[in-house]
Amino acid sequence: MGRRSCATMLKIGELAVRAGVSLRTLRHYDTIGLLPPSGCSEGGCRLYTEDDYQRLQSIQGMKALGWSLERVTEVLHTLTELEAPLTRTGRTALLRDLSAHTFEADQQRGRLAEGLRCADRLIEALRQGQARATEVA
């Protein structure tokens, strides 16, 4: 990727605030190769593009599903490979992998949604208990 002007790039702190993650997280993602910066300022500050931000959002989505960093790396690798020139067989295999990741993400999202519904019912029951206790007092 060619270097972009610093004016169109986000400093690490700006990316952290925008994405709601810590600087430590971004540095760790850089160290393990999950989200390396697209550039570096003259002073050595990591710089990120809008594409980097989109990649970080994908990482956050996978982490929200409870996926390990190894799994996140695997999925991102699949997505990156699909952008490269491929043989028909190679593309078919990657699309099959992506389909499996999509299915699993959908299944995990369903489980999380059910957990949230259960939590909502609990909160409602607790509020009703509070209301009854307040009426009695």
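A crossing is called left-handed if the near helix is turned anticlockwise from the far one by less than a right angle, and right-handed if clockwise. Helices (H or I, at least four residues) and strands (E, at least two) are DSSP runs, numbered from the N terminus. The model is predicted: local features need pLDDT of at least 70, side-chain atom pairs count only at pLDDT 80 or more, and totals for chains, interfaces and linings use all residues. Residues are numbered from 1 along each chain as its sequence is written, and side-chain values use heavy atoms, with hydrogens and water left out.

**View A. Helix H3 (residues 50-64) crossing helix H4.** The axes, which are lines fitted to C-alpha atoms, for helices over the stretch in contact, come within 10 Å and cross at roughly 135°; angles run from 0 to 180 degrees between N-to-C directions. That makes H3 oblique to H4, given that angles under 35 degrees count as roughly parallel, over 145 as roughly antiparallel, 65 to 115 as roughly perpendicular and the rest as oblique. H3 passes H4 in a right-handed crossing. Contact (heavy atoms within 4.5 Å) involves Arg-55, Ser-58, Ile-59, Met-62 and Lys-63 of H3 and Leu-69, Val-72, Val-75, Leu-76 and Thr-80 of H4. These contact residues of H3 and H4 divide into 6 nonpolar, 2 polar and 2 charged, where Ala, Val, Leu, Ile, Met, Phe, Trp, Tyr, Cys and Pro count as nonpolar, Asp, Glu, Lys and Arg as charged, and the others, Gly among them, as polar.

**View B. Helix H4 (residues 69-82) against helix H5 (residues 88-136).** Here the axes cross at roughly 140° and come within 10 Å, so H4 and H5 are oblique to each other. The crossing of H4 past H5 is left-handed. On H4, the contact is made by Arg-71, Glu-74, Val-75, Thr-78, Leu-79, Glu-81 and Leu-82; on H5, by Arg-91, Leu-94, Leu-95, Asp-97, Leu-98, His-101 and Glu-104. By class, 6 residues of this contact are nonpolar, 2 polar and 6 charged.

**View C. Helix H1 (residues 12-19) and helix H2 (residues 23-31).** Their axes come within 9 Å and cross at roughly 110°, and H1 and H2 are therefore roughly perpendicular. H1 passes H2 in a right-handed crossing. Ile-12, Gly-13, Leu-15 and Ala-16 in H1 meet Leu-23, Leu-26 and Arg-27 in H2. The contact has 5 nonpolar residues, 1 polar and 1 charged.

**View D. Arginines over the rings of Tyr-53 and Trp-67.** A charge sits over a ring if NZ of Lys or CZ of Arg is within 6 Å of the ring centre and within 35 degrees of the ring normal. The charged end of Arg-18 sits over the ring of Tyr-53, 3.8 Å from its centre. Over the ring of Trp-67 sits the charged end of Arg-71, 4.2 Å from the ring centre.
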